[in-house]
Amino acid sequence: MSNAIAPNVISLADLISTLQVEAGLEKPRSLPPVNLWNPTHCGDIGLQIRRDGSWWQEGVRFSREKLVQLFSTILRRDADGYYLVTPHEKVVVKVDDAPFVGVRVDRHESDGHQVILVTTNVGDVVAVDADHPLRVVTDRQTGEPSTYVLVRGGLEARLARPPYYELISWAQPDADKSTMSVMSSGVRFPVGEMA
């Protein structure tokens, strides 16, 4: 994780490509057009994505990360749930929390603005902005916050603890001095109350 803003000499696109390679992708990937595919629903084959981002089928954990990365590219969220979708099949995926986990955060300066980048457990890298907002949900029973970023097509990543704490270290007090926010891509995102 980076605690400093990356120098301007590297473009945002180049930084994203570098982070994807560091996350285990051999090359930046292009995603299939799952939003255009409308196959017949094929049922439930016992697929589950647990809160820690691990993928399971009928109680057995996927051991091949390349398979998880591949399946993550055909994951889609519809109004009634999550599905793996191909042009010919559509199967249910039970998601315990968010389908992805944010495992790294970085800061970069682009066009005079700080940009926060989130890298997921499956190699997606997203710049936090108006189209990829951060949101914080506080558990009513425990008071524990969970921070999410929209990755694509309604699919979110929940920040793991280390990147969450790093993100919070970049937060600034809001005008009312009772809450904090982070700036990314010229947009202010609330991240919690002042301690």
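This is a predicted model: local features need pLDDT of at least 70, side-chain atom pairs count only at pLDDT 80 or more; totals for chains, interfaces and linings use all residues.
1. Strand 2 is joined to strand 3 (residues 55-57) by three bridges, and these two strands run antiparallel; strands here are DSSP runs of E with at least two residues, numbered from the N terminus, and two strands count as paired if DSSP finds at least two bridges between them.

2. Residues are numbered from 1 along each chain as its sequence is written, and side-chain values use heavy atoms, with hydrogens and water left out.

3. Strand 2 (residues 41-49) also pairs with strand 7 (residues 90-95), here in the parallel sense and over six bridges. Within this pairing, Leu47 stands opposite Val93 of strand 7.

4. Most residues other than glycine have a negative phi. Glu58, although not a glycine, has a positive phi of about 45°, and Glu58 lies in the loop between strand 3 and strand 4 (60-61). With a relative accessible area of 65%, Glu58 is exposed, a term that means over 50%, whereas buried means under 20% and partly exposed lies in between (1.4 Å probe, protein chains only).

5. Ser185, also a residue other than glycine, has a positive phi near 55°. Ser185 is placed in the loop between strand 15 (179-184) and strand 16 (187-193), and at 27% relative accessibility Ser185 counts as partly exposed.

Definitions and conventions. Helices (H or I, at least four residues) and strands (E, at least two) are DSSP runs, numbered from the N terminus.
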